[in-house]
Structures are given as C-alpha cells and as structure tokens.
Amino acid sequence: MAIGGVETLDRHYDSFQDDWNVADRSADYGRLVVPHGNAEEPLYRWFHLKEAFSSRLLDRLLDELKLSTNPHLSLADPFAGSGTTLVSGVSACEKAGGEAQVFGVERNPFIWELAQAKLRARIAGSSLSGVVAEELDRLKRAYASTEADLFPIPELSTLRNEQYFSSEHVQALMRVRYSIEAVVDPAVASIFRICLASCVEPASRLRRDGRALRFEVSKEPKDPWKLFLQRMELIRQDLTATKPASGVGEVVLGDARDMAALAGSRTFDLILFSPPYPNNIDYTEIYKVEAWVLGCYGSEVEMKTQRQLTIRSHPSIRFAMDYRYLDTEVRSDVQSLIDPIVAQVPIGDRYHEGRKEVIAGYADDMLKVLADSRKVIREDGRLVFVVGNSLHGSGDAKYVIAADVIMARLAELCGWRVSEIKIARMLKRRFGQSPFLRESLVVLEPV
Ligand SMILES: C[S@@+](CC[C@H](N)C(=O)[O-])C[C@H]1O[C@@H](n2cnc3c(N)ncnc32)[C@H](O)[C@@H]1O
C-alpha cells in the first residue's frame, strides 16, 4: 500500500542518498549487526543483550577496511552496550600479534557494568580463574550464612508482582546480591553481579520482547541460586579458556555526547557504534529489572533521572527541548534536513509533540556525537555506525525515520565524508513499504 507521507519522505531521503555510494544487501552483514552466534561464544554469552552486535562483526569490518593487519589498533565505541566492539577489538589485536587500546562509553549503569566486566575479563582471561574460584567460595559461605527472607525488596512494582516473580525468587535474587558484598575483589564482584543479572529474566514469567517486557503465563521460572551456580560454571570455563591479552581498555560511565572530553588525549583508528535507534526502544525500561536487582536505582526518581540522561530516541518521556544545533553555523542545513520529516508527523495523535521532539532531539544528539567523534579520529581513521530506520504513525498517516540518511547527512555537516552505506537488511512491515525501511552500516572518513 502506498502512503503519502512515506513517498514524500522517500524523495527527501533520496535527494541526499543520490550523492552516496549505497551497496544493496552487502554480503552477510544482516547476521553481523545482531547478536547472532553470541550465545555460544565465551564471554559474549554472559548476558544476552538483544540489541548487541555479533562477536564477528568487527573482524569482518577490519578486513574490509584493511585494518586487520594493524596490531596496535586504537578503537572506540561511544555506545558500548554489552561491550562487543571492545572485547572483539582486544581479540583482533591479539590475533595480529599486538596490543589493542579500546575505549568505550555507556550511559546505563547496569549495561556499563556488563561491558566493563567483560572487557576486564577479556584482558585478564585465565589469570582471573584462581581469584574467581576463591571469591566464589566466599560468596557461597556468605549465602549460606544468611536467612532466606531477610532482604529489602526493591521498590519496583514489577518485582513485587507475584504473577511475574514469586516472592521466594525475588528474595533469592536479593540474597545473592547482598552476599556478593562479601566479595573482596571489585572486578570479580562485577562478574558475579553480571552473572546474577543473567538469572533475573529466567527466574520470572517475563520475556524481553522488542520494546517491552511481556508476561508469559506458561513460562516456568528457574530457581535463582541453582541457575546462578550453573551460569558461574560457564563463566569459570570461559575464563579458563581465555588467554590473557596485553590490551589496554576502559569503559566510562558517561554520555556519548561528551565523547571528545571523555576520551581526553586519546585518538582512534576506528570508531564503531550503534546508537539507540529512533524506534521507541527505551533501554532504561527494558533492562530496568536487572538494574533494580543490582541496586543501580534506589527510587523511581533515580530511575527517571537516569532515563533523562539517555539519547532522545523515544517519546515515552518528554526530554528537555534544548537543541545545540540552533547555535551552530549548520543550523539551516539541519533544519532543512529535519523539517520535511517533522511535517509528516500526524496531527491529533496524542504523541504528536513527543514524536516531533524525537526527530529534532535525535538529530541534535547525533550531530553532537558525530562532531565529537570527528575531533578524536586519526587522519586516516574511519567511523562506522550501524543504525535501523523505522516506520512511525498509524493508518494513512505513516512516515519513515531514515536514521541512516539523517545521520549520514549530519556527519557531512561536521567534517565527515560518507564513503559508503552498506544495507545490512531490509525490515519488513505489514503496512507501508519503503526502500528506506532498512538497517545499515554507514562508513565515514574524515575530510
Ligand atoms: C544499540 S545499543 C549498543 C549495543 C552494542 N553495540 C553491543 O554490541 O552490545 C545502544 C546503547 O546506547 C546506550 N546509550 C543510550 N544513551 C546513551 C548516551 N547518552 N551515552 C552513551 N550510551 C548511551 C544504551 O544504554 C545502549 O546500551
């Protein structure tokens, strides 16, 4: 079915895309931009982040960009997520006989701890095995010496809903969390906390599904302590099998929009990232239960504050309407990029204002990330971002937000050249087709 808003915007996006090299369905990238295969991979299998890259994406890109022979790659991911880019970067340099320098930024406190724990584990590898075994004994003693129903239950209503979580399971999760406080080594404590986080969803009748946590009445919740010990055994095996690497790595709990300041004097050969897509996924929401179990938020207000710190990619909350681009010399270029998209947002929809704000807020945030990245890229370096476009609105009032085109154009406005758009996969939607409903990798070079 052809829909007016979609066609109008297709022409708008085409007017930019005409100048770029667009490779249709490039090779096997469709499987590499999703966590395909990670469930079987040591370290990557510690926690399933649905929005992660495949552990094999980086190798593939390094080959294609002719960077795989650089044994001392300096690599950054300002939206580190579960740390896939950083962990793969250390392995890639080890393969090339050198030492990686990897740097990541992540805004969500739980996801940051996940990236940090995996990266440290990748670098230290089997040298951590002894201390992990000792600390696990300490943790088991602490667990055994506490009583089952002693711990305060977090304020989150999801954890207090007996249909989702039995109170025994919530108590057991909290008992593990408080027992981890007996652990002395902070790096090991983080590994245990990530292991605990990986038990939260299986201990419930909830399933993470795209934008939401769904209730599944027929799901059989697993016993948290038994599962924790099983998953720790997997972690132990992974550490034993991981040869220590001589890379240097850090993940900062911070904001990708401050990338240049956070990187300090570091510069990079490759910046690879996937930002939150403007498709209504709110990471604070979908990983909230793990974050509450780990004690990342002490109250609803703290969680709300966290949400406000994230990229303006969804209308589920109203963000501040501060737009930095209005004070820059590219103001009118940004305006002519976003105005036609804003014009297609259906009037009368209760999300009208929120939807308009996402378009302007997202463009403003991405301009800042791309401009900051430009400051820290080396002369012959590359930036690759992965992003998905999405269909919004309802009925006849539908429109596509082509994040790949929007970001590529913003990149041109802050010192990048678009060397290629690789279409990884086309996204099928029941109504309203557009050639821009796709997930792509965009490759940039500094000019
Ligand atoms: C698509 S995920 C990245 C996944 C990652 N590529 C991986 O392989 O695991 C996007 C990440 O951006 C994070 N994020 C959201 N707002 C942020 C911000 N302002 N600064 C840094 N990270 C942010 C989210 O918490 C989420 O982890």
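Trainee: What makes H4 largely enclosed by the rest of the structure?

Mentor: Of the 12 residues of H4, 10 are buried, so the helix is largely enclosed, where buried means that 20 or more other C-beta atoms, placed from the backbone, lie within 10 Å of a residue's own. Among them are Thr84, Leu86, Val90 and Glu94. This is a predicted model, in which local features need pLDDT of at least 70, side-chain atom pairs count only at pLDDT 80 or more, and totals for chains, interfaces and linings use all residues. Residues are numbered from 1 along each chain as its sequence is written.

Trainee: How do you know that the length of H4 agrees with its number of residues?

Mentor: The expected span is 1.5 Å times one less than the number of residues, and for the 12 residues of H4 (residues 84-95) that gives 16 Å, which agrees with end C-alpha atoms 16 Å apart. A helix here is a DSSP run of H or I with at least four residues, whereas a strand is a run of E with at least two, both numbered from the N terminus.

Trainee: What covers the buried residues of H4?

Mentor: The cover includes helix H3 (57-64), helix H5 (109-124) and strand S6 (248-253), a contact being two C-beta atoms, placed from the backbone, within 7 Å.

Trainee: Why are the buried residues of H3 said to lie on one side?

Mentor: In H3, Leu57, Leu58, Leu61 and Leu62 are buried. They cover an arc of only 125° around the axis, taken from the directions from the axis to the C-beta atoms, which puts them on the same side of H3.
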